[in-house]
Amino acid sequence: MNVPRWLLALEALILFAVLPAVLAQDGFHRPTLYITLWGCCIYGFATLVYSNQWNWPALWQGAGWNRRQIREAAGRFCLATGLALILLATAAPDRLFDFPRRNPQMWAMVMVFYPLLSVVPQEFIYRCFFFRRYAVLFPNPTSLIIANALCFAAMHFVLQNWVAPLLSLIGGVIFAYGYQQHRSLKWAALEHALYGCMIFTVGLGWFFFRGLAPPP
C-alpha cells in the first residue's frame, strides 16, 4: 500500500516532534512516558502489518553484522566508555560509579529491566519502524541517519535537561549507523543496551533517570 509522502511526513512530525514536545510540557512522569512508548510500539506494529511490511524473523535478525563491523562497533563502545570515564574522573570524580556504589540493588534492577522495558521498544520505534516507514522521505542513507538521530534526541527532551538530548544525539547517530548495516532489532537493542547500561554504571545516569540523586 502506497502512502502519500506528505501524509508520511505529517505522521512522522506528529510522532517524533509534536508528541515529545507535548510530553515535555506536561512535566516528567515516567509511567506516562512508558505508556506512550509502548502505545507507539502498538501503532508501529499495526502500521507495518497493515502495509504488509511486517516480517518478524527479518525484523529481529536482519542482515546481521560481519566480523569487521562487530569489531568496529566494539571499538566505538570502548572509545565512548573511555571518554565517559575520563570526563567524570576529571569533572566530577565523586560521581564516578556512584550509582552501583550507593544503591547496588537498584542498579542491578536497572541493568535487567531497562533493556527490556525501555531499550527494546525504543529500538523498535526509532530504528525498525522509522527506517521501514520513512526511508522514502530521505534522498540518501546519510540524511536518513541524521534525521533519525535528531528524532531520537528530541524524544529525550522529556527528561528536561540538555545533557540527555545531547548524549542521545550522539548515540542516535551510532545506533542509526549500525542499524543501516545490520537492519536487526536484536543487534540494535543489544548495542543500545550496552551504551545505556554503561552510562548508568559510570555515573551519568541521573540525566536519564530521575530516581537517582541530582548532580551537585
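Helix axes are lines fitted to C-alpha atoms over the stretch in contact, with angles from 0 to 180 degrees between N-to-C directions. This is a predicted model, in which local features need pLDDT of at least 70, side-chain atom pairs count only at pLDDT 80 or more, and totals for chains, interfaces and linings use all residues. Residues are numbered from 1 along each chain as its sequence is written, and side-chain values use heavy atoms, without hydrogens and water.

**View A. Helix 6 packs against helix 7 at about 150 degrees.** Their axes lie 11 Å apart. Helix 6 is therefore roughly antiparallel to helix 7 (over 145 degrees). Helices are DSSP runs (H or I, at least four residues), numbered from the N terminus. From helix 6, Gln 122, Tyr 126, Arg 127, Phe 130 and Phe 131 make the contact (heavy atoms within 4.5 Å). Helix 7 contributes Leu 144, Ala 147, Asn 148, Cys 151, Phe 152 and Met 155.

**View B. Helix 6 crosses helix 8 at roughly 50 degrees.** The two axes come within 11 Å. Glu 123, Arg 127, Cys 128, Phe 131 and Arg 132 of helix 6 meet Gly 172, Phe 175, Ala 176, Tyr 179 and Gln 180 of helix 8.

**View C. The largest nonpolar core holds 56 residues.** Such a core joins buried Ala, Val, Leu, Ile, Met, Phe, Trp, Tyr and Cys residues through side-chain atoms within 4.5 Å (buried: under 20% relative accessible area, 1.4 Å probe, protein chains only). Phe 16, Phe 124, Phe 130, Tyr 134 and Phe 200 touch the most other members. Helix 6 gives the largest share, 12 residues.

Definitions and conventions: Buried means under 20% relative accessible area, exposed over 50%, partly exposed in between (1.4 Å probe, protein chains only). Helices (H or I, at least four residues) and strands (E, at least two) are DSSP runs, numbered from the N terminus. Angles under 35 degrees count as roughly parallel, over 145 as roughly antiparallel, 65 to 115 as roughly perpendicular and the rest as oblique.
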